[in-house]
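User: I should like to go through the surroundings of the ligand in this model. Please take the questions in turn.

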Amino acid sequence: MANSVQIPKIPSSEITPKNVYLNRREFLRTAGLALGTFTLAACVSRTPAPLKSEENKTQEAKAGNPQAKSNKDELGDPINSYSDITHFNNYYEFSTDKQQVAELAAYFTTKPWDVEVYGMVAKPKKYALGDLISAYKPEERVYRLRCVEAWSMVIPWVGFSLSKLLKDAEPTSSAKYVRFETLNRPDEMPGQKDPWYPWPYQEGLRMDEAMHDLTILATGMYGGELPAQNGGGIRLVVPWKYGFKSIKAIIKIELTDQQPSTMWSTIAPNEYGFYANVNPQVDHPRWSQASERRIGEFARRDTLMFNGYADQVASLYSNMDLRKNY
Ligand code: MTE
């Protein structure tokens, strides 16, 4: 494995032995099928272990990890360490175990990488990742990432506004939504061999959400390349929505007049909606969304409306009931 940073130790009480986990998963799958519903087995609310601290950041610098330009977000909170961000990942194409993703993704081919923009556009085009980087000049954007599982991080992405790419594709007046699709490559993504999930991972945004300046396509992180476990070749980042909207390893961007179906809302529509705006007032059916654990901290902190980006995005939803459109 290329990264020499140690995977952090977590208390054994937090680890579910694999045989127990697999049996539970089998049980949930059978139970879900018997009930005629799909119960989301793996996106469970598990309190994450705090990972790396300040001292690790120094070690990382010595180990030659990339360096971000900023060390805080605009609220004054420190960015998470490179090893936290690269060793605590939700990426079901590789594993449902967050701490195994980095190792499994180490063999994932991210070069070459192409992205196709098509559908209701005047200028459909397939782009090589390098051409996107030359054309749109990615910049550092430090964003909070709030997972629906109630943990969060502050991540210095390197990316560009999706709106730039969409404008160049010239959406037609019928285009109302943007649909994103992850690469389907089971040979390199072992999780995709699990037929329980409706692969490939898909996500979607309304056109005005996709055109918002905060919505970026990330091509890098921490001043360097985008690690495979964080979504390299290229991923979406929508900082005011729960992390599952920020789809990784995108190969297709389709403009459409239909609200796209998304992976999590297909699996459990009563738990994961299309909008998925971070909202401390609307709990997940199985846990509270009022507070969160910032990775690296012990005390919980209050979750902010729209993840702290309300000034920029609340107007997008002024006519909507956010309890119904969760
Ligand atoms: N994209 C794909 N293709 N597959 C996934 O499993 N997980 C999502 C999102 N994007 C996921 C994905 C979830 S639940 C979260 S919280 C974020 O990625 C995590 O991003 P990170 O690992 O870079 O922190």
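Analyst: A residue counts as near a molecule if one of its heavy atoms lies within 4 Å of it. The model is a predicted one.

User: Which residues come nearest to the ligand, and how many residues are around the ligand?

Analyst: Around the ligand the shell holds seven nonpolar, six polar and three charged residues. Those that come nearest are Tyr92, Glu93, Arg235, Ser246 and Lys248, and the number of residues around the ligand is 16.

User: How far is a nitrogen atom of the ligand from an N or O atom in the side chain of Glu93?

Analyst: A polar contact requires a pair of N or O atoms within 3.5 Å. Polar atoms also face oxygen atoms of the ligand: a backbone atom of Tyr92 at 2.8 Å and a side-chain atom of Asn230 at 3.0 Å. For the ligand nitrogen and the side chain of Glu93, the distance is 2.8 Å.

User: What share of the area that the ligand exposes when taken alone does the protein bury?

Analyst: The ligand sits in the largest cavity. Taken alone, the ligand exposes 530 Å², and the share buried by the protein is 99%.

User: Over which residues does pLDDT stay under 50?

Analyst: The chain has a mean pLDDT of 87, with 80% of its residues at 70 or more. Where pLDDT is low, the predicted coordinates should not be read in detail. The model has 72 contacts beyond four places in sequence for the stretch where pLDDT stays under 50, namely residues 1–48.

Definitions and conventions:
Residues are numbered from 1 along each chain as its sequence is written. Side-chain values use heavy atoms; hydrogens and water are left out. A polar contact is a pair of N or O atoms within 3.5 Å; within protein, one must be able to donate a hydrogen and the other to accept it, and residues adjacent in sequence count only if both atoms are side-chain atoms. Accessible areas come from the Shrake-Rupley method with a 1.4 Å probe; for residues, only the protein chains shown count as cover. On a 1 Å grid over the protein atoms alone, a cavity is a set of points where a 1.4 Å probe fits but cannot get out, and a pocket is an open set with protein on both sides within 12 Å along at least five of seven lines; lining residues have an atom within 4 Å of a point. A molecule sits in a cavity or pocket if more than half of its atoms lie within 2 Å of its grid points. Ala, Val, Leu, Ile, Met, Phe, Trp, Tyr, Cys and Pro count as nonpolar, Asp, Glu, Lys and Arg as charged, and the others, Gly among them, as polar. pLDDT is the predictor's confidence in each residue, from 0 to 100. Contact means heavy atoms within 4.5 Å.
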